[in-house]
Amino acid sequence: METDDASPIVTGVEGLDYVLRGGYAKFRSHLVEGRPGSGKTTLGLQFLLNGAQNKERCLYITLSESKRELLSVASRHGLSLDGIEILELVPPELSLDPSQLQTLVHSSDLELGETVQSALAEIERLKPDRVVFDSLSEIRLLSQGSLRYRRQVLALKSFFLLSNATVLLLDDLTAGHDDLNLHSISHGVIRLEQLSPVYGGERRRLRVIKMRGVQIRGGYHDFVIRPGGLTVFPRLVASEHELVEYGPPASSETSIDNLAGGGLERGTSTLLMGPSGVGKSTIASAYCHAALLRGESVLVLLFDETKRIFMARASGLGMNLEAFAEEGRLLLEQIDPAELSPGELSARIQSAVERSNARIVVVDSLTGYLNTMSGEQHLVLQMHEILTYLNHKGVVTILVLANHGLIGQVAAPVEMTYLCDSVMLLRFFESGGRLRRAISVVKRRVGPHEDTIREFKITAAGLAVGEPLEGFRGILTGVPSFEGKKADLLEGEPS
């Protein structure tokens with residue numbers, strides 16, 4: 001017995017090794033199942049290509065696709081199958097070659113026997129290290145019975161084991177139901193799924209149903225198929241990431257810091273709530289600009305506006321961000337919720353923190369982020385993992401949440417206040433026949449904060465915050481009005 005028997009070997013798929021805690025089990029047979037179009041063939045080719053790069057002998061046995069089709073798939077991904085042997089098997093009864101047609105005997109036994117023997121003979125000749133068998137559906141059809149099919153797959157598994165080959169058995173689930181016989185026979189089972197939302201691009205995900213002797217990272221993991229092959233985005237588990245030391249609070253270099261107790265603490269999250277146009281994104285931009293001036297890196301996820309508008313708005317407030325974007329410290333990600341899966345979004349955040357050392361992450365807005373999810377409960381669960389991860393990494397997280405409605409009674413589209421460490425509440429209020437803006441901090445877990453309500457203005461020079469106002473009524477109901485002295489308000493026209 002080999003000393004490295006069943007030890008993990010690399011899958012060739014980015015992210016999948018992390019899910020499997022190292023890769024496939026060496027010298028074992030693994031079942032990869034999924035409907036047509038879910039990505040099984042591409043996953044199998046990547047496994048063999050990785051082996052070919054390591055000078056291993058690789059064999060692709062195909063009963064469902066021709067060699068010509070496989071080469072075409074590889075070329076569209078920019079891949080070369082040099083170094084991979086391709087055995088194209090066509091059962092005699094399915095061949096149009098007159099010499100292969102049987103005129104007197106129509107025997108499924110003969111078809112199955114010849115097909116399997118051809119595969120075994122090629123394995124015996126080549127002695128491959130890695131094998132992809134595509135697909136078991138053809139064996140199922142030729143077997144014409146579940147008992148015979150199970151015996152045939154067991155025989156294949158035993159032969160592969162004796163041959164010291166690591167094998168992927170592909171199955172397209174044409175049986176119409178879960179074939180638990182295959183699950184019990186296989187050392188590992190991976191299921192690929194393709195989902196079609198009502199609007200937007202298709203979503204793909206995988207789940208490792210079993211992997212003997214390995215504590216896999218369970219649950220669904222999103223993946224995409226793009227030129228170059230599959231990329232898996234493992235589900236983010238915050239508890240697996242180490243805590244880092246926190247630095248000094250993050251300042252916005254404006255008087256808003258006075259409300260927040262001197263700035264936003266590292267490793268905390270802050271929710272900016274208010275109606276559209278009240279100034280939430282502007283406050284977030286002020287914190288980003290101050291961080292960039294300190295030499296930090298910043299990630300901004302834009303759901304509701306384009307990069308051009310974000311830059312133009314910041315420039316109009318005296319914050320020139322172009323140089324930081326060109327330098328690579330301002331990471332602007334314009335997100336299309338219809339095309340991006342939640343798993344890929346989490347992966348982008350993780351990459352910005354660990355590879356680009358982003359110290360501030362802004363999600364603008366949670367309303368747009370909600371559209372990437374299938375339901376509110378999923379949003380809260382995933383956002384909990386993301387916020388916990390960012391807190392562990394000492395990152396300042398700023399979440400922007402637009403209320404439903406512009407004036408009058410407003411309501412939040414999703415309850416997120418209990419997840420965040422701080423909550424800033426922004427409202428429009430009326431005074432002297434004009435609309436003005438009010439800001440208050442209603443929650444802060446780390447340290448004290450002001451419990452006052454202040455007016456603030458957005459000017460070409462930036463943000464200006466006034467003195468505490470005592471003449472407010474109805475600020476928490478969503479319909480605030482100011483009944484104090486006009487002299488207490490900020491001078492000049494309201495922004």
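Predicted model: local features only at pLDDT ≥ 70, side-chain atom pairs only at ≥ 80, totals over all residues.

Colleague: How many aromatic pairs does the structure hold?

Modeller: The structure holds 1 aromatic pair. Planes over 60 degrees apart count as edge-to-face. The ring planes of Tyr-24 and Phe-47 stand at 90°, with centres 5.1 Å apart, so this pair is edge-to-face. The pair links distant parts of the chain, 23 residues apart: Tyr-24 belongs to strand β2 (residues 24–25) and Phe-47 to helix α2 (residues 40–53).

Colleague: Is Tyr-24 buried or exposed?

Modeller: Buried means under 20% relative accessible area. Tyr-24 has 0% and is therefore buried; Phe-47 is likewise buried, at 0%.

Colleague: Which charged end sits over the ring of Tyr-220?

Modeller: That of Arg-205, at 3.6 Å from the ring centre. Arg-217 lies over the face of Tyr-18, 3.7 Å from the centre of that ring.

Colleague: How many cavities of 30 Å³ or more are there?

Modeller: There are 2. Among the lining residues are Glu-265, Asp-421, Arg-444 and Arg-445.

Colleague: What lines the second largest cavity?

Modeller: The lining includes Cys-288, Val-300, Phe-310 and Asp-364, and the space amounts to about 30 Å³. By class, this lining divides into 5 nonpolar, 2 polar and 1 charged. Helix α9 (280–293) gives the most, with 4 residues, while β15 (358–364) also supplies at least two.

Technical notes
Residues numbered from 1 in each chain as written. Heavy atoms only, no water. Phe/Tyr/Trp six-rings, centres within 6.5 Å; stacked < 30°, edge-to-face > 60°. Buried < 20%, exposed > 50% of the residue type's maximum accessible area, 1.4 Å probe, protein only. Lys NZ or Arg CZ within 6 Å of the ring centre and 35° of its normal. 1 Å grid on protein atoms, 1.4 Å probe; cavity = no way out; pocket = protein on both sides within 12 Å on 5 of 7 lines; lining within 4 Å. Points joined across faces, edges and corners; volume = space filled by probe spheres on them. Nonpolar A, V, L, I, M, F, W, Y, C, P; charged D, E, K, R; others polar.
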